[in-house]
Amino acid sequence: MTVCRDCCCGSPAKHPAVDHAAQLDGLRTALAPAHRVRTSQCLDTCDQSNVLVVHPSPAARRRGARPVWFGLVLAEEIVADIVEWVRAGGPGVAALPPTLELSVLPAPASSQVTAPLAASIPIVVSLPDRAS
């Protein structure tokens with residue numbers, strides 16, 4: 001799971017009634033040790049903050065499952081429903097509960113490379129040769 005925590009998501013200025021740190025801690029506690037919860041910089045869906053992305057398991061991905069994006073994850077009830085769905089198997093394994101369908105977002109065009117793939121892409125930097 002990737003949880004956006006940048007300019008808007010996780011911002012007390014934008015959502016002062018949400019305890020963003022507690023939300024993140026709650027996700028990590030509820031899904032550990034079977035699921036990793038990490039944070040990212042802006043996922044380019046600021047108008048729908050707080051945003052999180054549930055990634056399918058490797059086996060589900062091989063069967064064609066894709067990440068599911070959720071927006072406006074502000075209420076504890078939504079977080080609890082997402083946790084329950086992830087524990088049941090998540091994308092490609094468990095049916096999405098009707099209570100979460102309203103929170104699903106289309107993945108932005110800029111997400112062509114999803115976070116797990118982006119983390120595995122090597123970055124090559126060419127430095128000029130230093131003359132002796």
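Buried means under 20% relative accessible area, exposed over 50%, and partly exposed in between (1.4 Å probe, protein chains only). This is a predicted model, in which local features need pLDDT of at least 70 and side-chain atom pairs count only at pLDDT 80 or more, whereas totals for chains, interfaces and linings use all residues. Residues are numbered from 1 along each chain as its sequence is written, and side-chain values use heavy atoms, with hydrogens and water left out.

**Cysteines**

With the accessibility classes stated, Cys-42 counts as partly exposed, at 27% relative accessibility. Cys-7 is likewise partly exposed, with a relative accessible area of 47%. A disulfide is taken to be a pair of cysteine sulfur atoms within 2.5 Å, and the structure holds zero disulfides. Cys-42 is in no disulfide, and the nearest cysteine sulfur, that of Cys-46, is 3.6 Å away.

**Chain architecture**

Helices (H or I, at least four residues) and strands (E, at least two) are DSSP runs, numbered from the N terminus. The chain has five helices and five strands. Read from the N terminus on, the elements follow the order β-α-β-β-α-β-α-α-β-α. Of the 132 residues of the chain, 39% count as buried.

**Backbone geometry**

The bond from Ala-32 to Pro-33 is cis, with omega near -5°, and Pro-33 lies in the loop between α1 and β2 (38-40). Ser-49 and Asn-50 are also joined by a cis peptide bond, with omega about 0°; Asn-50 is placed in the loop between β2 and β3 (52-54).

Positive phi values occur at Asp-44 and at Leu-72. Asp-44 is not a glycine, yet has a positive phi of about 65°; this residue lies in the loop between β2 and β3. For Leu-72, a residue other than glycine, phi is near 55°. Leu-72 is found in the loop between β4 (68-70) and α3 (76-87) and is partly exposed, with a relative accessible area of 42%.

**Contacts across the sequence**

| Pair | Separation in sequence | C-alpha to C-alpha distance |
|---|---|---|
| Val-68 and Gly-90 | 22 residues | 8.8 Å |
| Gly-92 and Ala-60 | 32 residues | 5.3 Å |
| Ala-34 and Arg-87 | 53 residues | 8.6 Å |

Val-68 belongs to strand β4 and counts as buried, at 16% relative accessibility. Gly-92 lies in the loop between α3 and α4 (98-101) and is exposed, with a relative accessible area of 55%. Ala-34 is in the loop between α1 and β2, the loop that also holds Pro-33. The relative accessible area of Ala-34 is 63%, so this residue is exposed.

**Surface charge**

Which residues form a negative surface patch? Asp-19, Asp-25, Glu-76 and Glu-77 form it. Asp-19 is found in the loop between β1 (2-4) and α1 (20-31). Patches are made of residues with over 30% relative accessible area and no salt bridge, like charges being joined within 9 Å and nonpolar side chains (Val, Leu, Ile, Met, Phe, Trp, Tyr) within 5 Å. A salt bridge is a side-chain nitrogen of Lys or Arg within 4 Å of a carboxyl oxygen of Asp or Glu. Lys and Arg count as positive and Asp and Glu as negative, while His and the chain ends are not counted.

Notes
Accessible areas come from the Shrake-Rupley method with a 1.4 Å probe; for residues, only the protein chains shown count as cover. The place of a charge is taken as NZ of Lys, CZ of Arg, CG of Asp or CD of Glu.
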